[in-house]
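Here are some friendly notes to read with the model open beside you. Take the points one at a time, and find each element on screen as you go.

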Amino acid sequence: MRIALATDAWQPQPNGVVRVNATIFDQLRQRGHEILVISPDQFATIGCPTYRELPLAILPKKKVRRMLSEFAPDAVHIATEGPIGNAARACCLAEGRPFSSAFHTKFPEYFSARTGLPASWFYHWLRRFHSASSAVMVPAPAVYRELQERNFLNLRLWSHGVDTEIFKPGPKDYMDSANLPRPIFMYVGRVTIDKNLPAFLDLDLPGSKVVVGSGPARDGLRKKYPHIPFRIAADDAELARYYNVPDAFVFPSLTDTFGLVMLEALACGVPVAAFPVTGPLDVIGKTGPGVLHEDLRTAAIAALDVPPEECRQYALNFSWERVVDQFLSFLAVNDSEPRLMTGT
């Protein structure tokens with residue numbers, strides 16, 4: 001099948017949306033599908049306001065229309081709601097071409113934190129964006145329920161996976177040269193305002209704290225917390241080495257739709273501490289190998305007692321093969337009626 005993937009988030013951006021999209025792309029190609037990725041690197045771009053590291057395509061509609069026309073896809077999937085996603089949506093609507101879409105990120109909360117405007121304004125726009133989609137893929141049951149309450153239509157529950165060959169238990173000595181006292185508590189992920197990192201960095205915890213990741217809030221946080229190491233991983237191999245260092249992984253975000261980094265930590269045998277909110281509730285739930293608590297310090301201390309082998313075993317349940325099977329089942333194939341699927 002010929003599948004066009006329109007996305008405003010693509011390599012080399014280091015975030016969970018890119019990781020999901022790139023993994024889906026690789027898995028589909030391995031299965032013999034022909035894939036067209038329409039991404040920012042193919043256009044003139046400008047940095048996103050308040051998030052300069054995120055490149056946005058400038059006036060991409062004409063080129064997007066040409067790319068879709070030349071590729072003649074059997075199915076179109078719109079992975080993001082940025083300029084490229086909007087252009088692909090407009091082209092599909094103009095040509096009567098069905099498409100699927102995804103809700104990866106709580107942009108309304110993200111932009112509300114930066115602009116002071118109500119998140120409901122942004123949700124109104126997103127609801128309109130996804131209203132013409134034959135299947136709006138969402139990564140977790142809690143997000144599914146939230147969007148249902150906001151009157152989004154055609155929602156499909158679509159889980160995410162983890163590469164357990166890359167992210168697996170290994171030596172815990174990668175940061176030994178830093179002479180950090182244990183226990184070590186670590187956050188890995190984008191360093192942005194919506195990740196709520198001060199909730200972790202301000203905790204009174206024994207041992208040491210470490211942050212691994214890049215993002216627009218990094219420089220400011222390094223200045224505010226000069227005693228805490230901030231590192232950046234060069235690639236997935238180094239990222240896996242960092243994941244294996246801590247005794248507990250602390251995830252302070254209140255707004256993530258899933259939180260792939262939690263699965264990656266668990267795959268390395270590291271327990272997770274987080275707030276009981278969307279994302280952690282769906283990755284860890286009530287029975288997963290981690291601790292969710294309204295008091296993040298309580299969760300972090302309790303996570304130290306979770307057996308590493310339970311973390312690894314739990315992560316093995318999240319297969320990318322299952323994720324890709326779901327993705328293919330939700331696509332709206334051209335020259336046929338969009339398929340109506342159940343949301344569970």
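How are H1 and H14 oriented to each other, roughly parallel or roughly perpendicular? Point 2 has the answer.

1. Some ground rules. This is a predicted model, in which local features need pLDDT of at least 70 and side-chain atom pairs count only at pLDDT 80 or more, while totals for chains, interfaces and linings use all residues. Residues are numbered from 1 along each chain as its sequence is written, and side-chain values use heavy atoms, with hydrogens and water left out. Helices (H or I, at least four residues) and strands (E, at least two) are DSSP runs, numbered from the N terminus.

2. Back to the two helices. H1 and H14 are roughly perpendicular to each other, because their axes cross at roughly 85 degrees and angles of 65 to 115 count as roughly perpendicular, under 35 as roughly parallel, over 145 as roughly antiparallel and the rest as oblique. The axes come within 10 Å; they are lines fitted to C-alpha atoms, for helices over the stretch in contact, and angles run from 0 to 180 degrees between N-to-C directions. Contact means heavy atoms within 4.5 Å. H1 contributes Val-20, Thr-23, Ile-24, Gln-27 and Leu-28, and H14 contributes Trp-320, Val-323, Val-324, Phe-327 and Leu-328.

3. Now compare another helix pair. Helix H3 (residues 83-95) packs with helix H5 (residues 119-130) at an angle of about 40 degrees, their axes being 11 Å apart. That makes H3 oblique to H5. Look for Gly-85, Asn-86 and Arg-89 on H3, and for Trp-125, Arg-128 and Phe-129 on H5, which make the contact.

4. Next, the sheet. Six strands form an open sheet in the order E2-E1-E5-E6-E7-E8, with parallel pairing. Strand E2 (34-38) and strand E8 (155-157) are at the edges, each with a single partner strand, so one side of each has no neighbour in the sheet. From one strand to the next, the twist averages 25 degrees. Two strands pair if DSSP finds at least two bridges between them; E6 (residues 100-102) and E7 (residues 136-138) have two, and Ala-102 has Met-137 in E7 as its bridge partner.

5. Helices lie across this sheet too. Helix H6 (residues 141-149) lies across E7 and E8, running at about 170 degrees to E8. Helix H14 (residues 320-330) lies across E1, E5, E6, E7 and E8, and runs at about 160 degrees to E8.

6. Asn-21 sits in helix H1 (residues 16-30) and is buried, with a relative accessible area of 3%. Buried means under 20% relative accessible area, exposed over 50% and partly exposed in between (1.4 Å probe, protein chains only). Leaving aside residues up to four places away in sequence, Asn-21 touches Leu-5, Thr-7, Ala-9, Trp-10, Ala-79 and His-104.

7. Finally, find strand E10 (residues 208-212), where five of its five residues are buried. Both faces are covered, with Ser-208, Val-210 and Val-212 on one side and Lys-209 and Val-211 on the other. Strand E9 (residues 184-188) pairs with E10 in the parallel sense over five bridges, and Val-188 has Val-212 as its bridge partner in E10. Two bridges also join E10 to strand E11 (residues 230-231), and these strands run parallel. There, Val-211 has Phe-230 in E11 as its bridge partner.
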